[in-house]
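Please look at the sequence and the model before going on to the notes.

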Amino acid sequence: MDEEKEIPLGLAFQMAMNEKAMAHFSAMSEKEKENTIERARNVKSKQEMERLVNEMGKTF
């Protein structure tokens with residue numbers, strides 16, 4: 001798998017616990033997914049990752 005498209009473990013873990021966020025991510029275009037993955041790579045804490053994923057769940 002292309003390293004650039006690999007989902008960070010923290011993002012995958014948090015999405016696994018948030019069905020709406022997972023559904024939103026699945027419905028995203030490839031470019032949106034890449035942007036989300038890049039944002040997740042820049043996260044510095046568990047709480048920050050939770051906020052990122054919760055935002056995705058709320059916007060779907």
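Is Met49 buried or exposed? Met49 is buried: its relative accessible area is 7%, and the cut-off for buried is under 20%. The model is a predicted one.

**Met49 and its surroundings**
- Met49 sits in helix α4.
- Apart from neighbours within four places in sequence, the contacts of Met49 are Gly10, Leu11, Gln14, Ala40 and Val43.
- Ala12 lies 37 residues from Met49 in sequence, and their C-alpha atoms are 10 Å apart in space.

**Helix α4**
- The 13 residues of α4 should span 18 Å at 1.5 Å a residue, and this agrees with its end C-alpha atoms, which are 18 Å apart.
- The buried residues in α4 are Met49, Leu52, Val53, Met56 and Gly57.
- Viewed down the axis of α4, these buried residues fall within an arc of 140 degrees, so they line one face of the helix.
- The cover over the buried residues of α4 includes α1, α2 and α3.
- Leu52 of α4 is buried; with neighbours within four places in sequence left aside, Leu52 is in contact with Leu11, Thr36, Arg39, Ala40 and Val43.

**The nonpolar core**
- The largest nonpolar core is made of 12 residues, among them Leu11, Phe25, Ile37, Met49 and Leu52.
- At least two residues of this core come from each of α1 (9-16), α2 (19-27), α3 (30-41) and α4 (46-58).
- The helix that gives the most to this core is α4, with 4 residues.

Definitions and conventions. Residues are numbered from 1 along each chain as its sequence is written. This is a predicted model: local features need pLDDT of at least 70, side-chain atom pairs count only at pLDDT 80 or more; totals for chains, interfaces and linings use all residues. Side-chain values use heavy atoms; hydrogens and water are left out. A nonpolar core is a set of buried Ala, Val, Leu, Ile, Met, Phe, Trp, Tyr and Cys residues joined through side-chain atoms within 4.5 Å. Buried means under 20% relative accessible area, exposed over 50%, partly exposed in between (1.4 Å probe, protein chains only). Contact means heavy atoms within 4.5 Å. The expected span of a helix is 1.5 Å times one less than its number of residues. The arc is that of the directions from the helix axis to the C-beta atoms.
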